[in-house]
Amino acid sequence: MLIIECPYCGPREQCEFTNGGEAHVSRPSNPEEVTDKEWSEYVFFRSNPKGIYFERWVHSHGCRKWFNAVRDTSTDKILRSYEIKNDKPSPADLEDSNLTTPSGEPDVGSGNFTVKKL
Amino acid sequence: MTAQNNKDVTHIAFHQSINFTFDGVKYRGFKGDTIASALIRNNVRVVGRSFKYHRPRGIYTCGIEEPNALVQILSEHNEPNTRATIKQIYEGLEVESQNCWPSLENDLGSINSLLSPLFSAGFYNKTFMRPRGFWKKVYEPLIRKAAGLGKPPKPFRTTSTQLHHHVDVVIVGGGLSGLLAAKSLAKTELKILIIEQDGFLGGILKNSNKISTIENKDNKLWIKELEKKLEGLENIKILKNTLATTYNYINHLIAIEDRTTGTLPLDGNVDQILHKIRADHIILANGHIERLVSFRNNDLPGIMLAGSFEKFIQRYGVIPETNPVIFSNNSSCLSLIKKLIDLNCKPQAYVDSRSGDKIEPELLKIIHKKNIPLFTNAHIEGCDGKKQVQEISVRDAEGIITKLKSKMLCVSGGFNPDVHLFTQSKGVLSWDDEYLTFKPDKSFQNTIVLGSNAGIFQYSKIVNDINTKLSFLDHEPLLEIDLTLNDTDKYSIEKLWETKHEKESRWSKSFIDLQNDVTTKDLRQGIQEGFDRIEHLKRFTTNSMGTDQGKISSINALGIVSEILDKKVSEVGTTIYRPPYAPLSFASIAGRGTYDFYDPERKTSIHEWHKKNGAIFEDVGQWKRPWYFKSHPEENLYEAVQREAVHVRKYAGVLDGSTLGKIEIKGSDALEFMNLMYTNNFSKMKPMSARYALMLGEDGMVMDDGIISKINDKHFIATTTTGGAAKVLSHMEEFAQTEWPHLNVFLNSITEQFCTFNISGPNTRLIMEKVFKDIKFDNENFPFMTFGNFTYLKSTVRILRASFTGELGYEIYVRPSIALKLWEDLFRFGKDEGLIAYGTETMHLLRAEKGYIIVGQDTDGSVTPHDMDLEWMIGKNKKDFIGKRSLTRTDTIRSDRKQLVGIKPIDPNDIIEEGQHIILTSSIKPPVKMLGHVTSSYVSPNLGHSFGMAVIKDGKKLIGSKAYVSSSSKGAFEIEIIKPIFIDEENKRLVS
Amino acid sequence: MSSHKNWEKMWRSPEPKASYDAIIIGGGGHGLGTAYYLAKEHGLTNIAVIEKGWLGGGNTGRNTTIIRSNYLWDESANLYEHSLKLWEGLTHDLNYNVMFSQRGVMNLAHTEHDIKEIKRRVSANTLNGIDSKWISKEEIQKLVPIMNTDNLRYPVLGASFQPRAGTARHDTVAWGYAMRADEMGVDIIQNCEAYKILTENGKVIGLETSKGIIKSKKIGVVASGHTSVLAESAGIRLPLQSKPLQALVSEPIKPVIDTVVMSNAVHAYVSQSDKGELVIGAGTDGYNSFTQRGGFDVVEDTIRAMVELYPVFGKMKMLRQWGGIVDISPDASPIISKCDIQGLYFNCGWGTGGFKATPGSANVFAHTVAKDEPHSINAAFSLDRFVSGKLVDEHGAAAVAH
């Protein structure tokens, strides 16, 4: 189980939280003016990267606060968590992702390799 | 030549005999014996049959790695697949061998062994295909009947429990390295947990003869003193009989503690504890495992790993055989030979695959001194014997075969660091060319690997290794430690995975996986067929897929494969090691979280009253809700509902609606927030009035409904469906916090703070006036969809005039502490007016007669407000609300979508069933085009016939026409499609 | 039956050619099946299957192998029934025994609400010609005598049962398709990782891989959890989220459960393999991840339900536990579709239940790739539906189920 740092309560087991999907997706302020396609992007389409992912969590069995986190989905390593009101951290401020190839596995920490690649 | 006791051990109480049975025969062992050591003591060699060929199998190892000796424990609910090499005996233990019929001695399944040339790897996939019908009727049942090892256990209710630990350091393994690590960390402030799978500390110091003194003290004394010291420290805790099985992400370790070692587990007592451990650092000091060598008939009972043989002597005080033949490709058998000589037993021969100049001088010296026949540069070609080893064929350097008569062969194929936990942690391995094994390389988590587990097979290097790896923890560096060895300081090994058969026969076999009967021939065949990736080969041959997960042989398989493919072993790679390290009992994983603790039961404050008054409950989410009330014990659901439904419309009834979700919305922007969350417009609504409201998802589909009570623009109370309460609150929270944080709004669940009673029926007003004497309930003072706060028993109650039955009705919100009192008052005053309590089923019927929908029953996440004929609930002139934009997509603006209608049978005797479909023909020969389905249906005593609500394609246009509905018992029958309202279309009763 | 001495290699291990008529990315059951049907039914043999690891190593080799077609909506029912019919002939079609075992699948109802949902589905199935029926608690007890139906938090009230449903041996499906596709000339290229889909003027021109650039005007992406990563490389966004899904097996025991039992309400799915292992599926973890690893709490939840539902499992042990990556779409239905880039096709979004669809999915996807238009069976599963709103919402039938 992951350990997630709630910006308000500190590190807690993941079962206290609920994941809220991708972060920094804003609801169109003018829904009537966007096209069906643009609207569908907001309703149904979310990024699904292997690597650095900005996501939302809510401390549902705790303070009930929503917050954002940055996680490497190829290793599940959480690089940062921050309050909703904070800006999106720039990738330069984060540790580099472990990915060796665009769709590949990190050298260590993923599920697929037990033996050191030659 | 038989087994002999070695009384010079501390873990067997030779004065304490224990009686147990194996396959119905009584045997005697001693306190501390495992089933395996006790059987060996009794000269029992054959303990089971193999999975596929039903070959006789004996005890191969002395620990958790055992592939063969799996037994059924009759005295413990028939627990199957128990390792005889782990399970300790106790008085009255009953053990049975597995996978044999009719008996271990004469197993009919062994005919498979004769047919074995046919049963090679992948065999099932290429056969059993013809004739066509035979697969299902003949072959498949036969294959399935042959499945499995042990017999199913008997019902067992878990009594195990779970414990959580949060520590700085976990040391897995209380052997030499683990103890030295603990010693060096003892003086730190770190909180340390030591996990030891055995009932005692010491590992190699006790399980082998390799080290005789440490720091100039006898091993046992040294351990005793150190253990005493560690136990005296507050920061160190030692868990014995505890096996670490799973290494999860973020240094989360699962370990299972056996609390009943050597005793009969008593039902109701805690028999095992699952420890869940979070640690900053995990030290893996869990040692190594010995591996086998494949040769002809290397599965015969009487063949045992050399290290295990030594462990039986050293730890269990039993010499399985006084004159075994010993076969090795490495330096490790020196300690065993020395031990046997010390015990006045002499190996019958020593066979080493290495040439004489590579063999350690010390080993050669003792062999020469004791005149032990020596074969160097030699292999075991194979073994023969009917049910156990009788003859051993040794092939020397010149290729000459010598046949030795012997009943026991000890084999050492070298050592592997036990890397299972390390790879579970997602660390990666690298191949060690010197020791011919995989060892931990790069770790992904805070993992430290020590001793032989790190691939360090040199005693003089252990201390330095610990000092280097633990220095960052400010440990106290260890000084060099004096060891007296019966072993060479440095281990050396020569490559040998398999020996050649002298004569190839279709029946001759060299096993690589003893439990799954995988032979080296199977590996070759797999590769020949193209399964040259190790994961393919594993799946094709089932190599290392047994309950031992190939602990003693998986590296050998890689070695063999690398040679066939002419690749390096590191290029072949390993298969992925799956947790758990050893099979983990379901009961321990479940812990206490079953039955009473599976999921909480939520009960209303009136629950006991309901029970006393004949309520039958239904589960709605976690809630127990009265489904219907029996007026007499023989009354069934149908009768009760018919009675209740008539009664409410005629007199009055009350429903315990306390389970409805209730959310309080407060803040200066509450009005704006509510206007965004719900379809309705609350702006012009008067304070202290209420409105039926609809909540959509962003996809425009109906998500929930409820009544919104407006106290003022800054304060609302919303009710939700029983099942939707949590979802609605988190939906609101999500938008309040993430989308519109600028809105000043606070949300709180008040579901448990109030009980809700829904009272309705023509006599309701009379009853209310009697209970609440100061309140005026007439239409003028208390119109429909208004509410007020009143005082009752010095407490505030909120009364809302609303109805879900279509009759005159009120909802009373009252504090739980006085709820029962009020409920009883309702009945005290309502008795003369015919008040009854009714359940959810009657509520469903009554609301359906009125055409009110239930979200989750009449909707399924695919209907819009328009589909439900609820467009009147969409606030006009509202620029935005959640889901609004989705209502104008091409598919949602179609006019022929599925829409809500009412239906009634043409023949009043026909009964419409929920979930059946509206179709256009009376024939139900598939495929039948379906217009939609019946979402709700009831037999109405008020209408005198069955009726239903349905969601059907282009429904609004079809009103007034006829169609058919399918049924579960007879084809289809004709119905009329009507408006979805059946009673009081003009709302006269509602506002009466 | 003869001794299996001289079996030939099941498939070649070719190096990729410079170009192909079509490339399928993903060497699982769906991808290999697509290649098989492209070659067999559409005469396209100058094609390649590109696999990052080893054949069948993804979800094909990790799933609990439940096969059924008792889906609610017509669109889904048609697709899964098409698949089930292909399963029924697959062993003979491939001349390779995929051990399709029609032992039946049971879906349990634990509440009145479950009963309503299940009965609705049974009715729809019946009218669609799918052999699904409602069975009472007594009938359940007859089929699965070890089940505890009464003395538990959510008692068993009834079930749907589809006798033609069942299980198959997962690996052999991939191997069988691979073997026959290879025979027809399809190049199956393992250990070849797809990096980037190359496009020019809105058309597919090739694929950049770890073995260099391979040209092709058609690319079908069938990479389950990794599909959206590859789509992104061509600038296409898919409405998918990749989540961990865990499964486990027990130690093998003699036959104890003769059918497949699923319970959405308490998240417990079990069947017994031909080796005797109980094969148990858990729920998904609630966050995106590509690590093929989930939380132990999810396993605990499943086991708790299992030991309560089957008291004899209290003395069983978990042998192996693992995770896969499932790609979940917003309506729990797959996407088998063209996209805005000409020559690029997707077959994804199978969520937790893709194995059962393997032959059907492969069959209609091959049609889509070959003809550049959907088969009538997969027309409803286009990418457009998320714009128009015409979803095929199977949350009820699929839930977290397999």
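Visitor: How many salt bridges does the rule find across the interface of chain C and chain B?

Guide: This is a predicted model, in which local features need pLDDT of at least 70 and side-chain atom pairs count only at pLDDT 80 or more, while totals for chains, interfaces and linings use all residues; side-chain values use heavy atoms, with hydrogens and water left out. Residues are numbered from 1 along each chain as its sequence is written, whereas chains are lettered from A and ligands numbered from 1 in the order in which they are written. A salt bridge is a side-chain nitrogen of Lys or Arg within 4 Å of a carboxyl oxygen of Asp or Glu. Across the interface of chain C and chain B, the number of salt bridges found by this rule is seven.

Visitor: Which side chain meets that of Asp860(B) in a salt bridge?

Guide: The contact (heavy atoms within 4.5 Å) takes 111 residues from chain B and 96 residues from chain C. At an N to O distance of 2.9 Å, the salt-bridge partner of Asp860(B) is Arg120(C).

Visitor: Which three residues of chain C supply 10% of the area that this chain buries against chain B?

Guide: Buried area is the accessible area (1.4 Å probe) that two parts lose on being put together, summed over both. Between chain C and chain B about 9400 Å² is buried, and carbon and sulfur atoms give 56% of that area. On the side of chain C, the three residues that supply 10%, more than any other three, are Leu127(C), Arg153(C) and Lys315(C).

Visitor: Which residues of chain B lose the most area to chain A?

Guide: Here 45 residues of chain B and 37 residues of chain A take part in the contact. The two chains bury about 3400 Å² between them, with 52% of it on carbon and sulfur atoms. Together accounting for 20% of what the chain B side buries, the residues that lose the most are Tyr249(B), Gln737(B) and Arg885(B).

Visitor: Which residue of chain B meets Glu32(A) in a salt bridge?

Guide: The rule finds seven salt bridges across the interface of chain B and chain A. In one pair, with 3.8 Å from N to O, Glu32(A) is joined by Lys884(B).

Visitor: In what order do the elements of chain A run from the N terminus on?

Guide: Chain A has 118 residues, of which 53% count as buried. Its C-alpha trace spans about 55 × 35 × 25 Å along the principal axes. The chain holds six strands and one helix. From the N terminus on, the order is β-β-β-α-β-β-β.

Visitor: Why is Asp327(C) counted as buried rather than exposed?

Guide: Asp327(C) lies in strand E18 (residues 317-328) of chain C. Beyond its neighbours within four places in sequence, its contacts include Leu240(C), Cys348(C) and Trp350(C). Asp327(C) counts as buried because its relative accessible area is 2%.

Key. Helix = DSSP H or I, 4+ residues; strand = E, 2+ residues; numbered from the N terminus. Buried < 20%, exposed > 50% of the residue type's maximum accessible area, 1.4 Å probe, protein only.
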